[in-house]
Amino acid sequence: RAAAEAKAAEEAAAAEARRVCRMSWLQQAFDETKKVKSTMDRSGAVPAGFKIIRVDAVSDRAWSDRYMRQLRNVLGSGREMSNLSPKTSRIGAKLVSSVSQDPLKADAEAVLFHGTSPSAVKGILSSGFDRDRCKFGLAGKGFYFAESISKSDEYTQPVDGLRCVLVCQVVTGRAKVCADVFPSVQQRQDLEDSVRKAGAYD
């Protein structure tokens with residue numbers, strides 16, 4: 001019994017150490033990617049900084065299996081990947097290594113932020129990202145992620161002064177880039193089709 005209790009205490013201490021490391025790394029990511037700049041989606045003043053209060057690591061076997069299948073499909077497509085190198089690359093690699101034995105594949109994956117409402121976070125954690133609930137954004141209908149915490153913060157909603165942001169491991173694959181600040185209707189459709197239909201960017 002004493003050995004079992006000692007093992008349990010050791011595992012708890014290791015888990016706490018990982019949690020503390022993740023909080024530290026995420027705080028670094030927040031500090032490194034914040035922008036004191038307002039965009040059209042920002043309501044109110046731009047925060048000077050962001051402070052992490054709590055971090056919860058969430059994983060699901062079915063989600064993980066589906067994700068890995070998609071990653072294998074992208075890597076096995078034979079197409080040259082984009083290797084976008086987002087601002088979260090360095091911290092993202094550390095975060096993934098803390099929860100998975102599979103290292104982040106920099107040319108096809110990225111760790112990015114997704115800001116939304118607390119109710120939407122609950123829905124995502126319950127059943128995953130649901131495209132039927134997506135709204136039409138600047139680049140069409142789909143899931144939006146950002147390399148800057150300041151951008152993702154624009155879509156959060158405060159509850160008792162706190163906001164929720166999802167930190168997600170994302171298959172990026174081969175990117176279709178649109179440099180226009182305001183894409184045309186056709187450009188938005190092309191961007192949406194690039195990830196929905198089989199083609200050069202699927």
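**View 1. Arg 66 on helix H2.** Arg 66 is located in helix H2, which covers residues 61-75; helices (H or I, at least four residues) and strands (E, at least two) are DSSP runs numbered from the N terminus. The model is predicted, so local features need pLDDT of at least 70 and side-chain atom pairs count only at pLDDT 80 or more, whereas totals for chains, interfaces and linings use all residues. Residues are numbered from 1 along each chain as its sequence is written, and side-chain values use heavy atoms, with hydrogens and water left out. Arg 66 has a relative accessibility of 61% and therefore counts as exposed (exposed means over 50% relative accessible area, buried under 20%, and partly exposed in between, with a 1.4 Å probe and protein chains only).

View 2. Tyr 67, Leu 71 and Val 74 are the buried residues of H2. Seen down the helix axis, the buried residues fall within an arc of 60°, so they line one face of H2; the arc is that of the directions from the axis to the C-beta atoms. Strands E1 (109-115) and E4 (165-171) are included in what covers these buried residues, contact being heavy atoms within 4.5 Å. The exposed residues on the other side are Arg 61, Ala 62, Arg 66, Arg 72 and Asn 73.

**View 3. Helix H1 and its packing.** In H1, Arg 22, Met 23, Trp 25, Leu 26, Gln 27, Ala 29, Phe 30 and Thr 33 are buried. These buried residues pack against helix H3 (89-99), E1, helix H5 (149-153) and E4.

**View 4. The salt bridge between Glu 32 and Arg 90.** The structure holds six salt bridges, each a side-chain nitrogen of Lys or Arg within 4 Å of a carboxyl oxygen of Asp or Glu. In one of them, the side chains of Glu 32 and Arg 90 meet at 2.4 Å, N to O. Because Glu 32 lies in helix H1 and Arg 90 in helix H3, the pair ties together parts that are 58 residues apart in sequence. Glu 32 is partly exposed, at 41% relative accessible area, and Arg 90 is also partly exposed, at 43%.

View 5. Arg 61 forms a salt bridge with Asp 65, with the closest N and O atoms 3.3 Å apart. The two residues are four apart in helix H2 and so are separated by about one helical turn. Arg 54 forms a salt bridge with Asp 56, where the closest N and O atoms are 2.9 Å apart.
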